[in-house]
Amino acid sequence: MSVSFHLCQPGGGASCGACCGLYNFRDHSREALAQRLARHTARLQGVAREPAAFRKAARASADEDRALALFPAVRICPLLGFLPPDGSGGERVGCLAHPRVTGGVDLRDCGVYRAEVCETFTCPSFGWLSDAQARLVQAACADWYLYGLVITDVEFVQGCLRLLAWECGREVPCEALLAHGPALAALRRLFALKEAAAAETRGAAPGGARAGGVFGRFRPDADGEPQLQALDYAALGAHAAPEDDVVVCLGHLPADGSALERARAQVRSHVRAVAAALEG
């Protein structure tokens, strides 16, 4: 499988800046990131389109961002901001130093990556998602925040689709979901569990269902590197269940078997809503 179109700016209201460190903050809720992107954008507005001026303007954002990073080892680019409106409606995130934004001059070397890296990089989702799966995420998550959270988590997307197939007793083609308005709306609510999880990482949820300092299935190790999390079934007194891949992708670190079952039940209820919409 591989995606044949541009995942960062696919159109239709969706856009992604994850590879620029968009979500790499201890508070990566929608509100916090919108404020941060607005500051990035304001600092670069009106700046002369030449390297020295752009680097100087971006430095204040870089210093501020570095102090709030979730994973210190992961770079955050101060050139990421809100792009000018393109007529499609809604806000888009993207590189404020890209030639298409600056009017022709390429200032991407003023960020944390060389321009050649930015030009050629493709995230793992390009190779692990199918075109149909990526288009489904684009349609269901047509905004800058939720789209980026979901399109970059292949295990979450494919785990949700596996659970839907399990519930329906058959594989459900992405095209069928795309063509079914109520099912697509229910799928958005399932995918939007990612946003709720991101907002809750500002602190531990009651009962230890989630813990702060977590991004999906990752949390920082002693060196600030992303470390995969896994459910300790022996400690929880539980056995594996079909929902568990999605549960872990949502950042759940349950303190006990009851908390794990509550997380599973939340996922199941949303999957069943998608199936019910398809059958309705």
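Contact here means heavy atoms within 4.5 Å. The model is predicted: local features need pLDDT of at least 70, side-chain atom pairs count only at pLDDT 80 or more, and totals for chains, interfaces and linings use all residues. Residues are numbered from 1 along each chain as its sequence is written, and side-chain values use heavy atoms, with hydrogens and water left out.

**View 1. Contact of helices α6 and α10.** In α6, residues L136, V137, A139 and A140 meet L184, L187, R188 and F191 of α10. These residues divide into seven nonpolar, no polar and one charged (nonpolar: Ala, Val, Leu, Ile, Met, Phe, Trp, Tyr, Cys and Pro; charged: Asp, Glu, Lys and Arg; polar: the others, Gly among them).

**View 2. Axes of α6 and α10.** Helix α6 spans residues 131-140 and helix α10 residues 181-191; they pack at an angle of about 90 degrees, with axes 9 Å apart. Axes are lines fitted to C-alpha atoms, for helices over the stretch in contact, and angles run from 0 to 180 degrees between N-to-C directions. The two helices, α6 and α10, are therefore roughly perpendicular (65 to 115 degrees).

**View 3. The fold of the protein chain.** The chain holds 14 helices and four strands, taken as DSSP runs numbered from the N terminus (helices H or I, at least four residues; strands E, at least two). Along its principal axes the C-alpha trace spans about 60 × 45 × 30 Å.

**View 4. Burial in the protein chain.** Of the 280 residues, 47% are buried (under 20% relative accessible area, 1.4 Å probe, protein chains only). Among contacts between residues at least 6 apart in sequence, 68% join residues at least 24 apart.

Key:
Angles under 35 degrees count as roughly parallel, over 145 as roughly antiparallel, 65 to 115 as roughly perpendicular and the rest as oblique. Buried means under 20% relative accessible area, exposed over 50%, partly exposed in between (1.4 Å probe, protein chains only).
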